[in-house]
Amino acid sequence: MMKYDVTIIGGGIAGYSAGLRCLQAGLKTALISQGQSALHFSSGSIDVLGKLPSGEAVESPLLAMEALRQQAPNHPYSKIGADTISQGLMWFQKTLQQRGMPLTHQADNSNHYRITPMGTLKTTWLSQPYVYQHKTNADFKRIVLLAIDGYRDFQPHMLQDNLRALPAFSTIPSEIINITIPGFEALRHNPNELRSIDIARLLKQPHAWRSFCDQLIRHATVQDLVILPAIMGNGDGLTLLNKLKLETNLQLHEVPTMPPSLMGIRIEDTLSRAFLTMGGTHLKGDKVISGEFDGNRLTAIHTQNLNDMPIQADHFVMATGSYFSQGLQASHHGISEPVFQLETESCHDRALWRNHAFFSENSHPFMTFGVLTNTSLNPTHQGNIITNLYCCGSMLAGYDPVFEGSGGGVAIASAYHATSQIMAQTQSRPAIQEVLA
């Protein structure tokens with residue numbers, strides 16, 4: 001029998017956030033993750049709220065929560081509340097800063113735009129150090145885009161064409177420069193084999209690194225914005241970017257590429273290292289398959305690898321994600337939560353699951369389906385509200401993280417809200433000394 005104070009199910013932003021906060025509070029914590037999280041496919045920025053459900057653009061997410069509550073009273077943000085959302089985001093930012101992963105936002109807490117790999121502008125709130133935060137006026141004279149010989153996962157010509165179509169950049173000249181990295185050909189067995197992680201390893205070789213820097217200095221100036229694919233990672237991406245900035249003095253803008261996204265992996269690696277360093281138990285590569293319930297409490301869970309050894313905990317946090325990570329499953333009759341069969345919200349008429357146009361101006365209804373919870377984020381199982389189980393992140397019903405641009409924010413805020421309640425229930429224990437954000 002394995003016994004913990006808190007067991008977290010799921011290893012994305014919500015799961016790790018819940019785990020780290022419980023460890024900061026001195027709680028014995030385990031985290032169970034099946035495999036790679038959606039962070040391997042993410043931009044590495046944290047979106048909080050880019051649109052209201054009505055489609056109205058949001059300038060300042062923290063100031064828009066009351067308008068959101070009026071439009072969507074069952075939205076996770078509406079249940080959590082503006083103060084807790086703000087506290088959670090500040091906690092997350094501070095926690096990653098302390099672990100060497102700085103994320104920044106605008107001084108007035110407003111959204112900014114990041115340039116995407118497609119050459120469009122995407123609203124976000126927290127970004128990594130080498131992401132240009134666009135607001136109104138560009139602070140550079142020219143845009144330089146890197147085309148790396150032999151690398152197929154970044155298309156600078158498409159990015160350039162789309163940027164030129166944007167009013168904010170239509171008058172700013174741009175140029176594509178070809179970069180050749182020594183040693184690249186020796187690694188390539190076919191034209192489509194190499195990925196960003198291969199280049200990241202190559203750039204650790206002194207000769208390749210020196211050549212890369214020299215070519216940048218030869219073609220770009222301090223008045224340029226240099227747009228480069230995210231090709232620095234493998235555990236020390238920011239260290240290499242800091243070194244590149246120091247040696248070239250150029251203004252850099254990283255864009256994520258085809259998965260795996262090194263920018264998303266950086267955040268996951270930071271969270272994972274922090275969790276293990278603080279003493280958390282990570283059951284990686286395992287899957288929860290069932291649970292034992294006693295009335296309104298979840299008493300134990302069973303996993304695929306430890307099926308004959310139940311895991312007990314005083315509290316459980318579930319952050320298994322949405323359809324992509326199989327936290328939700330869809331069938332002809334509706335959607336379900338496959339682990340515990342928690343009560344969900346969906347629509348039986350599949351014709352009403354989506355809008356007629358795929359690229360619609362409104363949210364697709366199926367994106368708002370998910371697990372129903374009360375304001376404490378406790379779900380319902382067979383008619384009972386499970387008071388020691390909390391659901392977080394994209395498995396929750398009532399919001400569309402893609403349409404609203406709210407995925408990262410909801411993950412962090414819901415994990416913070418859930419763990420605040422766990423900590424409130426255990427704060428009388430003398431061994432617990434919470435590290436406050």
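Visitor: What makes Arg 21 count as lying over the face of Tyr 416?

Guide: Arg 21 is 3.6 Å from the ring centre of Tyr 416, and a charge sits over a ring if NZ of Lys or CZ of Arg is within 6 Å of the ring centre and within 35 degrees of the ring normal. Lys 28 also lies over a ring face, that of Tyr 4, at 5.2 Å from the ring centre. This is a predicted model, in which local features need pLDDT of at least 70 and side-chain atom pairs pLDDT 80 or more, while totals for chains, interfaces and linings use all residues. Residues are numbered from 1 along each chain as its sequence is written, and side-chain values use heavy atoms, leaving out hydrogens and water.

Visitor: Why is the pair of Phe 41 and Phe 324 called edge-to-face?

Guide: Rings of Phe, Tyr and Trp (its six-membered ring) pair if their centres lie within 6.5 Å, with planes under 30 degrees apart counted as stacked, over 60 as edge-to-face and the rest as tilted. The centres of Phe 41 and Phe 324 are 5.0 Å apart and their planes stand at 75°, so the pair is edge-to-face.

Visitor: Why is Phe 324 called exposed?

Guide: Buried means under 20% relative accessible area, exposed over 50%, and partly exposed in between (1.4 Å probe, protein chains only). Phe 324 has 56% relative accessibility and therefore counts as exposed, whereas Phe 41, at 46%, counts as partly exposed.

Visitor: What makes the pair of Trp 91 and Phe 92 tilted?

Guide: Their planes are 55° apart, with 6.4 Å centre to centre. Both Trp 91 and Phe 92 are buried, and ring pairs link these two and Tyr 416 into a cluster.
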